[in-house]
Amino acid sequence: MRPLVVSAKKAPIAVLISGRGSNFEALHRATRDGRLPAEIVLVLSNVPSASGIGRARSLGLATAVVPSRGAGSRTAHEARVRQEIERAGAEWICLAGYMRLLGADFVAAFENRILNIHPSLLPSFPGLDVQQAALDYGVRVSGCTVHLVDAGLDTGPIVDQRVVRVRSSDTAGSLAARILREEHRLYAEALRRLLVEEWRIEGRRVLFGPPSATSAASKRE
Ligand code: GRF
């Protein structure tokens, strides 16, 4: 008799990149080794030369390049990106080094289904060159943040964070490398929680667990 294989439904996700794509690869590994009940149905880049796209192709994944340079308006570019995502059947979107802000209409079309990873402890140091900014400021800890995406720059509700200590010997490069290692773990973990747990948003807070459990726990605190 054939063994009965019960496979849980895997969430179809699109990963959007602009460059190296190491976070995309980390997500991909997590889907393959069972840590993440998801399937990458599309890797999309707005930069034709992004090395992550080559990697995605060599892994046999569906890929799309939608160049933002010369695309005309942001709305026109996003319409094409959205078309690719919908054609692939993705229900979740993971931004992984995607160097474009998303417009309000795009965000609304996938409300609370778009995630981003950022290499600082938000709300400190949004934007670019954040490891150098963290060193210049003199913080003793930095880290990474996975957050839901809204139309602002790194402003959406935080799903989870990991802390990385800053060393006296750190350069922006060495700090970025240690943060990146944590990013690779955090992204899959945060997405997994959103996929398998009950959660909701209250104000800016992403709260996990059934409402009654959360309020009972908060009364005990
Ligand atoms: C990561 O540090 C990520 O946090 C930031 O851009 C970088 C992308 O790296 N948003 P990679 O392309 O995933 O290797």
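This is a predicted model: local features need pLDDT of at least 70, side-chain atom pairs count only at pLDDT 80 or more; totals for chains, interfaces and linings use all residues.
User: Let's start with I13. Why is I13 called buried?

Analyst: Its relative accessibility is 0%, and buried means under 20%, so I13 counts as buried.

User: What makes up the surroundings of I13?

Analyst: I13 lies in strand 1. Leaving out neighbours within four places in sequence, I13 is in contact with A38, E39, I40, V41, L42, A90, W92, C94 and L191. There's also E91, 78 residues away along the chain, with its C-alpha atom 5.8 Å from that of I13.

User: How do you know that helix 1 is mostly covered?

Analyst: Nine of the eleven residues in helix 1 (residues 22-32) are buried. They are S22, N23, F24, E25, A26, L27, H28, A30 and T31.

User: What covers the buried residues of helix 1?

Analyst: The cover includes strand 1 (11-17), strand 2 (38-45), helix 2 (51-58), strand 4 (92-95), strand 5 (114-118) and helix 6. Just past the end of helix 1, G34 has a positive phi of about 85 degrees.

User: Now the ligand. Which residues surround the ligand?

Analyst: The shell is R20, G21, S22, N23, G97, I117, H118, P119 and E183. Helix 1 supplies at least two residues of that shell, and strand 5 also supplies at least two.

User: Which backbone atoms pair with oxygen atoms of the ligand?

Analyst: A backbone N or O atom of G21 lies 2.8 Å from a ligand oxygen. For N23, a polar backbone atom is 2.9 Å from an oxygen atom of the ligand.

User: Where does the ligand sit?

Analyst: In the largest pocket. To be said to sit there, more than half of a molecule's atoms must lie within 2 Å of the pocket's grid points.

User: Why does N46 count as buried?

Analyst: N46 has 5% relative accessibility; the limit for buried is under 20%, so N46 counts as buried. Its place is in the loop between strand 2 and helix 2.

User: What makes the link between N46 and S18 a polar contact?

Analyst: The N46 and S18 side chains are joined at 2.6 Å, and the cut-off is within 3.5 Å. The N46 side chain also makes a polar contact with the side chain of S68, at 2.9 Å. Beyond four places in sequence, N46 touches I17, S18, V66, P67, S68, H77, Y98 and R100.

User: Why does N112 count as partly exposed?

Analyst: The relative accessible area of N112 is 27%. Buried is under 20% and exposed is over 50%, with partly exposed in between, so N112 is partly exposed. N112 is found in the loop between helix 4 (104-109) and strand 5.

User: And why does D129 count as exposed?

Analyst: D129 comes in at 63% relative accessibility. Exposed means over 50%, so D129 counts as exposed. Its place is in the loop between strand 5 and helix 5.

User: What is phi of N112, and what is phi of D129?

Analyst: Phi of N112 is near 60 degrees, positive in a residue other than glycine. Phi of D129 is near 50 degrees, again a positive value in a residue other than glycine. Most residues other than glycine have a negative phi.

User: What kind of peptide bond joins L122 and P123?

Analyst: The bond is cis, with omega of about 15 degrees. Most peptide bonds are trans. P123 lies in the loop between strand 5 and helix 5 (130-137).

User: One more: why is E197 called partly exposed?

Analyst: E197 has 32% relative accessibility. Partly exposed falls between buried, under 20%, and exposed, over 50%, so E197 counts as partly exposed. Its place is in the loop between helix 6 (172-196) and strand 8 (199-202).

User: Which residues does E197 touch, not counting those up to four places away in sequence?

Analyst: R192 and F208. As for E25, that residue and E197 are 172 residues apart in sequence and 24 Å apart in space, C-alpha to C-alpha.

Definitions and conventions. Residues are numbered from 1 along each chain as its sequence is written. Side-chain values use heavy atoms; hydrogens and water are left out. Helices (H or I, at least four residues) and strands (E, at least two) are DSSP runs, numbered from the N terminus. Buried means under 20% relative accessible area, exposed over 50%, partly exposed in between (1.4 Å probe, protein chains only). Contact means heavy atoms within 4.5 Å. A residue is near a molecule or strand if one of its heavy atoms lies within 4 Å of it. A polar contact is a pair of N or O atoms within 3.5 Å; within protein, one must be able to donate a hydrogen and the other to accept it, and residues adjacent in sequence count only if both atoms are side-chain atoms. On a 1 Å grid over the protein atoms alone, a cavity is a set of points where a 1.4 Å probe fits but cannot get out, and a pocket is an open set with protein on both sides within 12 Å along at least five of seven lines; lining residues have an atom within 4 Å of a point.
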